[in-house]
Amino acid sequence: MDMPYRENPHLLASAPVVVGADGSEGSERAVRWAAETAAQRGRTLLIAHGLDIAGLRSITGSHLAIPPSVIEALRTRGREIAASADRLAREVAPNLEIITEISEASPSRLLIHLSKSAHLIALGATGNAGVFAHLGSTLLAVTSHGRGSIVVIRDTGAEPRIGKQGPVVVGVDGSPVSEAAIAAAFTEAAERGAELVAAHSWSDLRFEEFAGEADTGFMGTALETAEDAILAERLAGWQEKYPEVRVTRKVYLTGATQRLEYWSKTAQLIVVGSRGRGGFTGLLLGSTSNFLVQHAHCPVLVAHSA
């Protein structure tokens with residue numbers, strides 16, 4: 001179970017929805033999504049932009065002074081980006097309370113810092129990247145090292161609106177990290193008035209790699225029954241805390257990543273932990289989280305343990 005409500009900074013009424021803005025198409029989608037989320041939940045929207053002055057100094061060489069005109073140009077561009085994001089957000093929610101923060105820090109450092117007290121962090125990503133590097137170092141750093149809930153909004157060919165259609169789907173692998181994902185998923189389902197689908201796979205193998213899956217017979221049925229009982233036990237406390245959330249349990253023998261990608265075609269949100277079973281602290285993201293952030297058909301929430 002997570003920490004009591006009064007001690008969880010991400011659930012405080014004062015915790016804002018934070019969105020990273022850099023002027024790209026991806027960040028514009030994230031701004032619209034974040035504005036709609038903040039408006040529906042009665043929260044402030046914080047638009048954040050990092051100038052990365054230190055990064056500029058490292059490029060030019062620490063022994064060289066950056067002309068004041070260059071720094072002022074960066075600040076001017078930052079203000080323009082923030083103002084544009086503000087206008088986009090007000091198109092979505094005219095009465096929304098909006099604040100902006102322009103920092104000399106790098107975008108990733110700024111957003112990781114803000115994630116400590118944010119309700120959630122929203123980031124935009126563009127395209128169906130073949131490798132994570134294509135999504136950008138900021139997105140990778142924040143989804144890996146941020147706190148609380150980090151939501152990635154990809155270009156899926158449709159406007160990523162916060163609707164009432166489709167369930168919230170959470171991947172549960174039995175690891176301690178998945179407890180954070182369960183907590184975030186129940187919170188999101190309650191906020192949205194949505195059904196929660198808890199999907200658990202006994203093995204991470206792909207469908208075609210699991211020899212004899214179609215012929216497992218009684219053994220396969222018994223295994224599914226046992227895993228379903230474990231899943232039910234893991235969810236029980238959360239169902240008591242959120243009695244209004246209708247929960248459907250799905251247990252699969254194989255293919256955790258592919259099952260969740262399939263669910264993303266009809267879900268309004270996929271929730272995963274920052275690392276999966278067998279993950280090491282030094283690794284940035286688990287393989288399932290990594291894949292879904294790149295390929296899911298709906299927004300993906302990466303949940304971090306407290």
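Contact means heavy atoms within 4.5 Å. Helices (H or I, at least four residues) are DSSP runs, numbered from the N terminus. The model is predicted: local features need pLDDT of at least 70, side-chain atom pairs count only at pLDDT 80 or more, and totals for chains, interfaces and linings use all residues. Residues are numbered from 1 along each chain as its sequence is written, and side-chain values use heavy atoms, with hydrogens and water left out.

Two packed helices are described by the angle between their axes and the distance between the axes. Axes are lines fitted to C-alpha atoms, for helices over the stretch in contact, and angles run from 0 to 180 degrees between N-to-C directions. Helix 1 (residues 25-41) packs on helix 3 (residues 68-92) at about 45°, the axes being 8 Å apart. Helix 1 is therefore oblique to helix 3 (angles under 35 degrees count as roughly parallel, over 145 as roughly antiparallel, 65 to 115 as roughly perpendicular and the rest as oblique). The crossing is right-handed, the near helix being turned clockwise from the far one by less than a right angle. From helix 1, Glu28, Val31, Arg32, Ala35 and Glu36 take part; Ala85, Leu88, Ala89 and Val92 of helix 3 meet them. The contact holds 6 nonpolar, no polar and 3 charged residues. Here Ala, Val, Leu, Ile, Met, Phe, Trp, Tyr, Cys and Pro count as nonpolar, Asp, Glu, Lys and Arg as charged, and the others, Gly among them, as polar.

Helix 8 (residues 256-263) and helix 9 (residues 287-295) have axes that come within 10 Å and cross at roughly 30°. The two helices are therefore roughly parallel. Helix 8 passes helix 9 in a right-handed crossing. Thr257, Leu260 and Glu261 of helix 8 touch Thr288, Phe291, Leu292 and His295 of helix 9. By class, this contact has 3 nonpolar, 3 polar and 1 charged residues.

A nonpolar core is a set of buried Ala, Val, Leu, Ile, Met, Phe, Trp, Tyr and Cys residues joined through side-chain atoms within 4.5 Å. Buried means under 20% relative accessible area, exposed over 50%, partly exposed in between (1.4 Å probe, protein chains only). The largest core has 48 residues, with Leu45, Phe186, Leu196 and Val271 making the most contacts inside it. Helix 6 (residues 176-192) gives the largest share, 8 residues. A second, separate core has 29 residues, including Leu123, Ala267, Ile270 and Val302.

Leaving aside neighbours within four places in sequence, Phe186 contacts Leu196, Leu235, Trp238, Gln239, Tyr242, Val245 and Val247. Ser115 lies in helix 4 (residues 107-115). Ser115 counts as buried, at 1% relative accessibility.
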